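Me: I have a model here and want to know what its labels rest on. Can you take me through them, value against cut-off?

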Amino acid sequence: MSQRVNPELLTEIKKYGAADISACFNCGNCTAVCPMTKEDETFPRRIIRYAQVGLEDRLLSSKELWLCYNCGECSETCPRQAEPGAFMAAARRYAISKYDRSGVAKLLFTSPLWSLIFLVVLAGLIALFMLAQPNPPLPPSGPLKVFELVPVESIHYLGSAVMGIMGLIGLLGILDMMKRISKVDDKGKLLAGGKKTNWKEALWNALITESLLQKRFREDCETSEEGVEKPWYLKKWFLHASTMWGFLGLLAATMSDFFFYLIKYKVSGEPVTPAGNPAVLWYFVHVMATIAGFFLMYGTSVLLYKRWKPDSRTYSDSNQADWVLLWLLWLAGFSGLFLEVLMDLPQAPVWGYGVFIFHVAVSMEVSLLAPLLKFGHAFYRPVALFFHALKPLEE
Ligand code: SF4
Ligand code: SF4
């Protein structure tokens with residue numbers, strides 16, 4: 001099959017943070033030492049080659065791009081200091097921006113000033129939307145009554161719209177990626193061809209074994225950590241998982257809150273309590289959100305520190321969007337936990353309402369932009385892992 005060549009591909013990927021990968025002379029050391037490379041896999045060398053010769057379609061349809069966990073082992077051994085680990089991370093950013101047709105991901109990855117303006121304006125618009133809701137005058141003192149400032153219905157419907165848009169952006173990106181895989185890869189054609197495959201096993205592997213439980217990351221990537229055994233709570237996989245579990249837990253708590261609200265309030269017409277739900281359900285959601293919030297705070301705090309004072313190559317290669325994602329997640333988690341404390345006070349300060357608006361605006365923003373930041377790998381990696389594990393049953 002003929003391949004379209006993009007002579008600017010390497011130059012383009014460099015804008016996303018790749019070091020000078022043109023120094024690579026294709027020796028293959030990186031592939032030999034990569035703890036994630038198995039059997040016939042040949043990354044990162046093959047992906048580097050695609051970039052060097054301009055095979056953009058090959059690069060964007062490559063499942064191997066997403067098998068790398070950025071341990072940095074390959075960069076340690078590269079005789080040309082071409083930083084193949086950093087290149088793989090930059091190529092993933094490039095792929096995320098190509099799967100996104102809006103151009104927002106590209107802006108967030110490549111333009112510090114415009115992305116800052118964009119983030120401030122977006123958060124401001126979300127805050128304005130909340131403040132524009134019909135609300136009574138605030139009491140001068142007493143406990144915080146945040147759902148009198150902004151009706152709980154407005155928060156729920158805004159949250160639903162944000163989740164819907166996030167899902168749509170993620171789905172469009174995934175469909176684009178699958179289309180590209182199907183064009184160049186026989187495995188991509190397996191499903192469409194109606195052949196019997198191990199798709200259930202491949203799906204379980206992609207979503208549960210690898211994404212939720214981080215099996216390869218935990219077992220293969222950690223063994224190569226500078227030869228020093230770190231406590232489990234400082235291992236890369238746990239910091240990564242803690243952040244992911246925290247984010248997913250908060251997402252689940254928010255969705256449960258809305259779900260219970262719809263059932264109990266909208267369907268039965270029963271009266272509602274603090275967050276719009278019967279007390280027992282409200283406390284269930286409250287506990288789930290608090291636990292998830294602590295996981296999120298722990299993961300993001302340590303990751304921010306490690307990016308500030310890197311102790312391995314995994315953390316020394318930071319794109320602006322990596323910082324943006326971590327800070328947004330940290331701010332959402334911190335303001336949420338702080339708000340919980342304020343809401344328990346019998347006499348809360350009036351600026352507590354500002355904390356509430358800030359928390360909702362940042363949480364909505366990070367959810368909306370999740371597929372367009374580094375968090376995009378949570379959408380694309382499972383797809384790559386699924387196709388990677390997919391095979392015909394008779395094989
Ligand atoms: S990136 Fe470095 S180690 Fe890998 S093939 Fe190129 S020169 Fe060799
Ligand atoms: S960063 Fe680690 S997982 Fe990624 S290609 Fe290099 S050695 Fe392999």
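**What the labels rest on**

Me: Why is Leu116 called exposed?
Reply: Its relative accessibility is 52%, so Leu116 counts as exposed. Exposed means over 50% relative accessible area, buried under 20%, and partly exposed in between, with a 1.4 Å probe and protein chains only. Leu116 sits in helix 8, residues 112–131. Its C-alpha is 10.0 Å from that of Gln320, which is 204 residues away in sequence.

Me: What are the ground rules?
Reply: This is a predicted model, where local features need pLDDT of at least 70, side-chain atom pairs count only at pLDDT 80 or more, and totals for chains, interfaces and linings use all residues. Residues are numbered from 1 along each chain as its sequence is written, chains are lettered from A and ligands numbered from 1 in the order in which they are written, and side-chain values use heavy atoms, with hydrogens and water left out.

Me: What makes up the secondary structure of the protein?
Reply: It comes to 19 helices and 0 strands. Helices are DSSP runs of H or I with at least four residues, strands are E runs of at least two, and both are numbered from the N terminus. Of the 395 residues, 52% count as buried.

Me: What is said to bend in helix 12, and where?
Reply: Helix 12, residues 199–212, bends by about 35 degrees at Asn205. The bend is the angle between axes fitted to the seven residues ending there and the seven starting there. The buried residues of helix 12 are Ala202, Ala206, Thr209, Glu210 and Ser211. Gln214 follows helix 12 and has a positive phi, near 55 degrees.

Me: Why is the pair of Phe238 and Trp245 called edge-to-face?
Reply: The structure holds 19 aromatic pairs. In this one the ring centres of Phe238 and Trp245 are 6.2 Å apart and the planes stand at 80 degrees, so the pair is edge-to-face. Rings of Phe, Tyr and Trp (its six-membered ring) pair if their centres lie within 6.5 Å; planes under 30 degrees apart are stacked, over 60 edge-to-face, and the rest tilted.

Me: Why is the pair of Phe238 and Tyr298 called tilted instead?
Reply: Their centres are 6.1 Å apart and their planes at 55 degrees, so the pair is tilted. It links distant parts of the chain: Phe238 is in helix 14 (residues 236–267), Tyr298 in helix 15 (residues 279–308), 60 residues apart.

Me: How do you know whether Phe238 is buried or exposed?
Reply: Phe238 has a relative accessible area of 9%, so it is buried. Trp245, at 28%, counts as partly exposed. Tyr298, at 28%, is also partly exposed.
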